[in-house]
Amino acid sequence: MADLQSQDYIRRSATNLTPPSVRHHELEVAKLIDVSRCIGCKACQSACMEWNNLRPEMEEFNGAYENPHDLNPGTWTLMRFAEYEDEQGNLEWLIRKDGCMHCEDPGCLKACPAPGAIVQYANGIVDFISENCIGCGYCVKGCPFNIPRISAQDHKSYKCTLCSDRVGVGLEPACVKTCPTGAIMFGSKDDMKDWAGERIAELKERGFQNAGLYDPPEVGGTHVMYVLHHADKPSLYSGLPDKPHISALVGAWKGVLKPLALAGLAFAAVSAFVHSIVSGPNETTEADEARARAEMEKAKRNGSAES
Amino acid sequence: MSYPKGTIVRNSTLTRVNHWITGLCFVLLTLSGLAMFHPVFFWLSNLFGSGQWMRALHPWLGVTLIVSFLGLFIQFWRDNLWNRDDVEWAKSLDKVLDNREEEVPPVGRFNAGQKVVFWGMALILPVLFVTGILIWEVYFGGATSIETQRVAVLIHSLGAIGAILIWITHVYAAIWVKGSMRAMLHGWVTPGWAHRHHRKWFQRLVATGSPGPTPDSTAKFREH
Ligand code: HEM
Ligand code: SF4
Ligand code: SF4
């Protein structure tokens, strides 16, 4: 989508100046996915394809409910199914709607080298602006949730936009609108937290001691949150990271290395210049030529004396 | 190719063509790499048409560079082996930098500084090649884990900065020591140049009656 809200950025990839963000009177939004209410019908997955005009390639059936088997450039949200046997021996079917978490501190944006290819709006949504994307795949390395996918057709990176185009004109995301059980809610982040609190209390009453909200503080919180029955073990839900954080390697690469490298290069260039004006050029003199000529003649004389 | 009378061949035509292919690739790699490394350089992507073009070209330039550098390596490694003269030369580095080369112990075809440039590149470029392949999204994006690619991209940028630092030294030395550019552009140096900067190389050529660049390569690369 076009960047409808370009005066509204609070973060912009590969940009040293923080955007002025002149229209920042917006509420922070959030999508709340109540895993305990999801029936795995994939209506949200279809709605996403429909609204965003995505038709991912048909894949082989590989014996699991996941279809396709992973996120891809044309599948921005994917229902993941995990079978879990709890301590009492009950089988639980943990179904999670996977997709971009819209991190408050987005690793993808931190890693991206192309100015304005990834932006974050004042409402918290993290959006990929395709026309600026160069297809390097750095966002893939930056993301703690393994979300962005690079298209083999146009070499641009794709992921869930949180329907920024719909939200920008006051609509809820397509998945939220479609969900038949009300498992996906959308609103201000505060409201969503309140709502999650009520749901979690209910779940605890029903015996899920560890029910809780997934809003990981390591990435500053997320604008897509989950209500989990087992919030103590997020990884049960098809590998949802227990403690998602931007890799320290990415931190070093995009942090200390950049200024250090610039300083090093500038120092080398300036040193060379200073040396050149202090010491002057290193020129071969007529005396050098004379010495060389003398040695060559001496060698020739010796040579002819031998033969 | 013919050289002016009374001069010494420093670099054969093959070496020179090989060197400038390598140099062109390196410069383009540096420009495109820096554009992706730091936002202050991103405007350099315009030199390549667009960011997408730059991203696509960079690894191919890298592949060309590594093949081309292999050619230089084969031609130069023997004359870059470290020996006792290099230790003596390195000890007089202050005099070298102070432009008092007359007082510096004589060396062969390459001095210790040039050898450090050579072996530095010979070490870093293969590292850049391997890590570059690992982060080549189009072909190898799915070949390794994301964690591996994080390590690779960090090493690639570190290595690139190291290589560029070496390259700055290399280019500055070539500008500073007058006659070096001509040696790589047109292939020849004056006897005085050879005597001043690489006396043992000069003396070996004189003793064997070789026109250069090396006594043993005379037959192979004989050009005048
Ligand atoms: C030898 C073979 C090389 C290969 C296969 C290679 C490949 C790559 C690839 C795939 C990328 C990611 C961006 C893209 O997809 O275009 C990259 C980035 C980069 N390359 Fe290379 N490259 C090579 C050599 C070099 C050299 C010689 C330099 C400079 C001295 C260099 C400097 C850089 C820099 C600075 C980056 C950006 C790293 C960052 O974003 O921090 N590369 N390279
Ligand atoms: S692939 Fe595109 S969005 Fe991802 S880091 Fe590269 S330029 Fe940015
Ligand atoms: S989940 Fe990944 S792609 Fe989405 S905002 Fe966070 S870092 Fe970026």
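**View 1. Salt bridge between D288(A) and R196(B)**. In this predicted model, the side chains of D288(A) and R196(B) meet in a salt bridge at 3.2 Å, N to O (a side-chain nitrogen of Lys or Arg within 4 Å of a carboxyl oxygen of Asp or Glu). The rule finds 1 salt bridge across the interface of chain A and chain B. Between these chains, 24 residue pairs, both at pLDDT 80 or more, are in polar contact (a pair of N or O atoms within 3.5 Å; within protein, one must be able to donate a hydrogen and the other to accept it, and residues adjacent in sequence count only if both atoms are side-chain atoms).

**View 2. Helices of chain A at the side that touches chain B**. Helix 3 (138-142), helix 7 (248-254), helix 8 (257-279) and helix 9 (286-306) of chain A each supply at least two residues of this side (helices are DSSP runs of H or I, at least four residues, and strands are runs of E, at least two, numbered from the N terminus). Helix 8 of chain A gives the largest share, 12 residues. By class, the side of chain A has 26 nonpolar, 14 polar and 10 charged residues (Ala, Val, Leu, Ile, Met, Phe, Trp, Tyr, Cys and Pro count as nonpolar, Asp, Glu, Lys and Arg as charged, and the others, Gly among them, as polar).

**View 3. Buried area between chain A and chain B**. The contact takes 50 residues from chain A and 47 residues from chain B (heavy atoms within 4.5 Å). About 4300 Å² is buried between the two chains, 66% of it on carbon and sulfur atoms (accessible area, 1.4 Å probe, that two parts lose on being put together, summed over both).

View 4. Residues 116-139 of chain B are 92% helix and 0% strand, with end C-alpha atoms 34 Å apart. Residues 151-175 of chain B are 100% helix and 0% strand, with end C-alpha atoms 36 Å apart.

**Notes.** Residues are numbered from 1 along each chain as its sequence is written, and chains are lettered from A in the order in which they are written. Local features need pLDDT of at least 70, side-chain atom pairs count only at pLDDT 80 or more, and totals for chains, interfaces and linings use all residues, while side-chain values use heavy atoms, with hydrogens and water left out.
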